[in-house]
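Here is a short briefing on one structure. It covers a loop residue, a strand pair and a chain contact.

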Amino acid sequence: MPFVSVPPVMPPTSDSLIVARGLTKRFGDFTAVDGIDVEVHRGEAFGFLGPNGAGKSSTMRMIGCVSSPSDGSMHVFGLDAATHGAQIRARIGVVPQLDTLDTELSVKENLWLYGRFFDLPRAECRRRATELLEFAQLTDRADSIVDNLSGGMKRRLSIARSLINEPELLLLDEPTTGLDPQARHVLWDRLYRLKQQGVTLVLTTHYMDEAEQLCDRLVVMDQGHIVAEGSPRDLIARYSTREVLELRFAADGNEAAAAQLAGIGDRLELLPDRVLIYADDGETALTETHHRGLSPESALVRRSSLEDVFLQLTGRSLAD
Amino acid sequence: MTILLRIIPAGFVVRRPQRMIERHVVAYRRQWLIIVSGFFEPLFILLSVRAGLGDLVGEVSVAGRAVPYEAFVAPALMASSAMNGAVFDSTGNVLHRLKYARIYDAALATPMSPADVAMGEIGWALLRGQMYAVGFLGVMAGLGLVESWWALLALPACLLVGFAFASIGFLATTYMRGFADMDMVNTVVLPLSLFSATVFPVSAYGDLAWLVQVSPLYHGVALVRAANTGVWSASLVAHALVLLVVSLVALLAATRRVDLLLRK
Amino acid sequence: MSHLATPGPLRVVSWHAALYRRLWRVNVLSSLVQPLVYMLGLGVGVGTLVDRNTASGDLLGGGSYVAFVAPGLLVTTTMVLASGESMWPVMAGLRWSRGYHGMAATPLSATDIVLGHAVWTTVRSLIATGAVACVLALFTDTRSWGLIPAVVAAAFVGLAFAMPLMAYSIDAEMDGGFPAIQRFVITPLFLFGGAFYPVTLLPAAVEWVAKAAPLWHGVVVARAFTTPGGAPIDWLAVAGHLGYTLLFSVAGTLVAVRRLRRRLYP
């Protein structure tokens, strides 16, 4: 068989927009991303969850072709990221973790000068800038200098700017960190609209409500590895119970109570300030608690959330 | 050829550095006063020399002729202001964009390359330096310090000086930790602007005259002075080559540094 | 509050000093290198040209050019340093890192902060001019005990620039005006203010402007002390010149206190 060099283009499996195989990123001795396999399909909203330092941002930077993998392969739009970085970047939008807006420029100028980086004609940049200002609800701030905007406005502008090249794929690194609830909900709404328009979203977050709201599918990362993968609902079903009973006992009483609570529900977790009982039926567990003669100061039955999954998988100790 | 290939970083791709310049043109539309004010520094120095120091010094010999001190200093000032403009545009401003405003991060997320960023910034510094050089030449002409039309060749000479120092400045900035390191820039620029045959002739150094050759500015001053007097010699080619080589090497190294810093 | 408590301005100074501790090495190095470079370039290099010119002797009052430039170097160093320290750092204290707001949340008053700045600027001036004086002591033409009172005179000039500029910086909206001040006030004074040649050589109008600024007064005093074999010191003139610089310092301080109080405790 004659020796033939392998073409850089890898046929996408079905409609995979991103295919990473054995993706690894090392900084000196430290391995930030340790041989992960990820596939993101066209049109879906995909999330990377994990504590600080889990390797989410490193992975995002590799997808965005501003960081080259130490090992493994990364294909975006079927193009090899190692050799076709510029072509890939031309078709994606990036909202970095910390805004990289040009604070010396006005809102409008930020949009159309960024478009010029994509080599869009000036008139086209202006036309899209006007549309995006509308989309980001910033039309009346078009001529403000960016430095004078609120945090939420800056974030909306970041997202608007990332859309100037009409990307097929949008990368968002912690899009709503540090925003107030109103601003978060406005952003979620905008992201949902983009998804409706067929833009593929890839985001990192450590807000579980955000992941549940936005993501069709997600992976949980910890110390450079993927520790779980699936839809939010799948993950809750797989790694937690339907409900959680939270009990608080009088000062220092939690530990003693936990001993007496053994056996109730599927799993019990003792925290410094409360005891968690994971059970499919929280009310039954609470009744059983009372039966055993315990009277907690407060008791709360709630639905299990992605946060429970997250803490279960990545532990409760601080990563940094 | 192989050496050249080894120096040029693998990722040295130039697509559209002019977009970086476009950004600065828009950004400085609001701060045009800063740009204009840069022109006044060398002008003030020249006027100060004319008003006072010239009287103290009297006449100096240039190319075998005795000329007033201000006529000796003027071409050197033109070259050192090209250096100053280039250095300050490519250090403080670049550091701000690199580390604090993170404008290059934003650019590299698009199809722009590290070479586009480096060349765009250096190009902008050159453009700005060239505006000052044109203005300064006009002032020199107004004060009767220009001898012939050959003096127009001082402009490309300043372009070379700017290219060399903008590239070196940009490269140095990629190694800076913060604004405290900017002190170092002044510490290097000051001796260069005083000891490059600018304010007193090389003959003052005696046996150490060869040492002046180390300063890239010295080569620029030689070029500008030659343009102003219209006295040409083969050594000018060597002066120009020194500046060109320094510029290119620093530009390539700077591109590599941007790649290392921002695409890790 | 106990009568033994550290006075407010000194508490502000200790804050400045704590920040400076991270920078002083680079800073002191360049405080030594810069005057050395000026002395070699202007004093010795240009000085050779000047001293060779017989006409210059009368203009400089008989001394060498190095001896003439040295006090100018001393005083301009303080002017540049003190004015720089009273622009960006003041804006940072109010707008960027907001250190002044932190102080305002403690028992410190606006007066404490402004006086603290004055004391700290003086300390910095003394360090920087002290370094220049050390360099000057290396050259026989400029070595004298007169350097010590000259350093003190320089500190007066430092304050005369620091306090009005602090007052300006407190109310400045953006830092865009700072480079303009440097280019159109500080640099021209550096060049025309009497440091490099007698102001009498200047056109009359320029000469009067140069004499109106505090810099020239400090240079004259410093030069009186450092000129080798110079005339006996006219103490009344010294007091007059330094008193003139104090007008700027006091006026600047009063305005700065008023403005800062309005900004921090509205």
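A:Ala136 sits in the loop between α4 (122–135) and α5 (151–162) of chain A. Helices (H or I, at least four residues) and strands (E, at least two) are DSSP runs, numbered from the N terminus. The model is predicted: local features need pLDDT of at least 70, side-chain atom pairs count only at pLDDT 80 or more, and totals for chains, interfaces and linings use all residues. Residues are numbered from 1 along each chain as its sequence is written, while chains are lettered from A and ligands numbered from 1 in the order in which they are written.

**Loop residue**
- A:Ala136 is buried because 23 other C-beta atoms lie within 10 Å. The cut-offs are 20 or more for buried, 12 or fewer for exposed, and partly exposed in between, with C-beta atoms placed from the backbone.
- Leaving out residues up to four places away in sequence, A:Ala136 touches A:Arg156, A:Leu157, A:Ile159 and A:Ala160. Contact means C-beta atoms, placed from the backbone, within 7 Å.
- A:Arg122 is 14 residues from A:Ala136 along the chain, and their C-alpha atoms are separated by 21 Å.

**Strand pair**
- Strands β11 (residues 243–248) and β14 (residues 298–303) of chain A run antiparallel, joined by six bridges. Pairing requires at least two DSSP bridges between two strands.
- Within this pair, A:Val244 stands opposite A:Arg302 of β14(A).

**Chain contact**
- Chain B gives 20 residues to the contact and chain A gives 19 residues.
- On the chain B side, α2 (18–28) and α7 (103–108) each supply at least two residues.
- That side of chain B divides into ten nonpolar, two polar and eight charged residues. Nonpolar covers Ala, Val, Leu, Ile, Met, Phe, Trp, Tyr, Cys and Pro; charged covers Asp, Glu, Lys and Arg; the others, Gly among them, are polar.

Key:
Two residues are in contact if their C-beta atoms, placed from the backbone, lie within 7 Å.
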